[in-house]
Structure formats: C-alpha cells, structure tokens
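Subject: Handover of a structure and the findings on it

Dear colleague,

I am handing over the structure below for your attention. Please open it alongside this message before reading further.

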Amino acid sequence: MIDAQQKLQGQVAIVTGSSSGIGKSCAIYLASLGAKVVVNYASNLEEGQKVVKEITESGGTAILVKADVSHEEEVKAMFNQTISTFGKLDILVSNAGLQQDSSFLEMTLEKWQKVIDVNLTGQFLCCREAARQFVAQEKAKTEPDHSELSIGKIVLMSSVHDIIPWAGHVNYAASKGGVMMFMKSISQELAPHKIRVNSVSPGAIKTTINKEVWSDPEKYKGLLQLIPYKRIGTPLDVAKAVAFLVSDDSDYVNGETLYIDGGMTLYPEFADNG
Ligand code: NAD
C-alpha cells in the first residue's frame, strides 16, 4: 500500500539482506513511503523476487540485486547497478546479518570469521560505498543547492547485543558491539559532509533468525521474561523506526542508536526489586 504522506518520494534506497525478515519489511515500508528500493539478496532468488513483486504490485518501484555484502566486488557491483538504474542514491539500510552460534570453548575460527565478515566487514563495505556515492553526487551538482538537509542517510542494523553481553554468541555480540563504535566513528567523520549515520538495535523480533526460540512454547515463555513490554517485536516495528531515521523528520539526529526492544535493555530482572 502506498502511504499518503510519501515522505521518501523520489529517493533511492538500498536495503541489504531484504529477501526476508527485518530487511524485507524495511524494503516494503520504505517503498510505501515513495522510495525506489534496491532489494538485495545473497542466495534466495525466489524470496527476493517475491519482495520486488509485492512492492511493484502495490504501485511502488523496486529492483532485485544479488550481492554478498562481505565481498567487496559484489558490493561495488550492487552500487553500480543502483546508479545505472536509478541515477543516484539517497539511503542505505545496511541490514544483512547472520548468527553462527557456538559455546566459546568450541568456537571455530571459521564461525568467528563468517559472522565478523558479514555483520561487520559487510557494514564497512556497504557504508563506504554509500558515503563515496553521496559525496560524489554532491560534487557533481551543477546548480547550487541551498538545502540545509542531509545529502545522504545511512542506518545500520545493530542489535541489543551491542550492549548486552551474550554467552554462546560471542562472535555475534562482538560484531554488533563493533557496529556501534563503527557507526559512531563514521557518523562523526561524515557529518561535515552532511551525511547522517545512525543505528537501530532490535531486541527479539519474530524472524527466521530466532525461529528456534519463538516456535517453542517453553522457550518463548522464557523469552518474554526478558521483555518488559511482554510481546515479541515484529519486523514492521523496526521498519517504522528505520523510516524515521532515513526521513528528514530526524534531520538533526546523528550518531544515535535507537533501541527497539520492548524494554529488553532495561534490566528486566530488577523489575521486582532484583
Ligand atoms: P533474517 O535471517 O530473516 O535476515 C537476514 C538477512 O540477511 C537474510 O535475508 C539473509 O539472506 C541476509 N544475509 C545474510 N548473509 C548475507 C550476506 N553475506 N550478504 C547479503 N545478505 C546476507 O533475520 P533478521 O532477523 O531479519 O535479521 C536482519 C538483521 O537484524 C540482522 O543484521 C540481525 O543481526 C539483526 N537483528 C535481528 C534481531 C531479531 O530478533 N530478529 C534482533 C537484533 C538484530
């Protein structure tokens, strides 16, 4: 459905890892606000095609681009394809991520490396290409632009595990902790270029990444103990926050992490006096 406000009308957005889960919801929601969306997938062509179909059938604009975000050449090719199709870029939602869980004592270098490669190096590669593009297209402008608004917006998908330690998932927690300091540092560096960079940190959101927990009634009950708001989040909860951060409504918000977690980061164990 196309939103009447069309806050992102005419803007071009790349959403990485958008053939499923939170990324899919972000792609569909940004398109409903008028953005032309690049739906990126790593391997699941069919699911990616479904997302593009859903957007175009609702009157939106989207293309599908395959790229593994941890491979530099594929990331560059994705950005090139975006520019050759739409002529510019305004928004990057750097969402792609994965978990490869293991106890620390058993963790292999392979599992450690895979998670760091996708969740952290992938963010670096995509954010760098986006920032380069924002700066290049600004320089190429022939008419003076007197707008005070930012010339490009980046939102990184982090996690509550950028501040909550997570035994059994140290590769994931280390990657998301890295995302936080990476985001803040590039935000500081890119602000003079009028590029805004922020993160969203979801708590428990119902997607395939944590299906093992929400599909098991006992585990689900345990999960709700960690959420003061007493419900699991939805991908749309996150997409709406992302839309705020990439719109001009948040033009003075820079270098922030927005927790979308139903209060998971409020130390729920202390709710009844600890
Ligand atoms: P998901 O598995 O549905 O989505 C992850 C997406 O990333 C998939 O589409 C997958 O194909 C893609 N991806 C994985 N490796 C890739 C690669 N190398 N290149 C390109 N794409 C790749 O799970 P999700 O929950 O929607 O996760 C999306 C993001 O949200 C991740 O960064 C995850 O860490 C973060 N997150 C999720 C939760 C949650 O509770 N679901 C909580 C906090 C953070």
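Predicted model: local features only at pLDDT ≥ 70, side-chain atom pairs only at ≥ 80, totals over all residues.

Residues are numbered from 1 along each chain as its sequence is written, and side-chain values use heavy atoms, with hydrogens and water left out.

Helix 2

Helices (H or I, at least four residues) and strands (E, at least two) are DSSP runs, numbered from the N terminus. Helix 2 spans residues 45-57, 13 residues in total, and its first and last C-alpha atoms are 18 Å apart. That is close to the expected 18 Å, the expected span being 1.5 Å times one less than the number of residues.

Four residues of helix 2 are buried, namely Gly48, Val51, Val52 and Ile55; buried means under 20% relative accessible area, exposed over 50%, and partly exposed in between, with a 1.4 Å probe and protein chains only. They lie on the same side of helix 2 because they cover an arc of only 95° around the axis, where the arc is that of the directions from the helix axis to the C-beta atoms.

The exposed residues Glu46 and Glu57 sit on the face of helix 2 turned away from its buried side. The cover over the buried residues includes helix 1 (21-32), strand 2 (36-41) and strand 3 (61-66), with contact meaning heavy atoms within 4.5 Å. After helix 2 comes Gly59, which has a positive phi near 95°.

Gly48 shows this burial in detail: Gly48 has 0% relative accessibility and therefore counts as buried. Apart from neighbours within four places in sequence, Gly48 is in contact with Ser19, Val39 and Leu64. The C-alpha atoms of Gly48 and Ser20 are separated by 7.7 Å, although the two are 28 residues apart along the chain.

The ligand

The ligand is surrounded by 28 residues, the closest being Ile22, Asn95, Tyr172, Ile205 and Thr207; a residue counts as near if one of its heavy atoms lies within 4 Å. Helix 1 and helix 5 (170-190) each supply at least two residues of this shell.

Polar contacts are pairs of N or O atoms within 3.5 Å; within protein, one must be able to donate a hydrogen and the other to accept it, and residues adjacent in sequence count only if both atoms are side-chain atoms. An oxygen atom of the ligand lies 2.8 Å from a polar backbone atom of Ile205. The protein covers 91% of the 820 Å² of accessible area that the ligand has on its own, by the Shrake-Rupley method with a 1.4 Å probe; for residues, only the protein chains shown count as cover.

Two further buried residues

Ser250 lies in the loop between helix 8 (235-246) and strand 7 (257-260) and counts as buried at 1% relative accessibility. A polar atom of its side chain lies 3.2 Å from the backbone oxygen of Leu245, and one lies 3.1 Å from the backbone oxygen of Ser247.

Glu129, in helix 4 (residues 109-139), is buried at 11% relative accessibility. Beyond four places in sequence, the contacts of Glu129 are Val75, Lys76 and Phe79.

Yours sincerely
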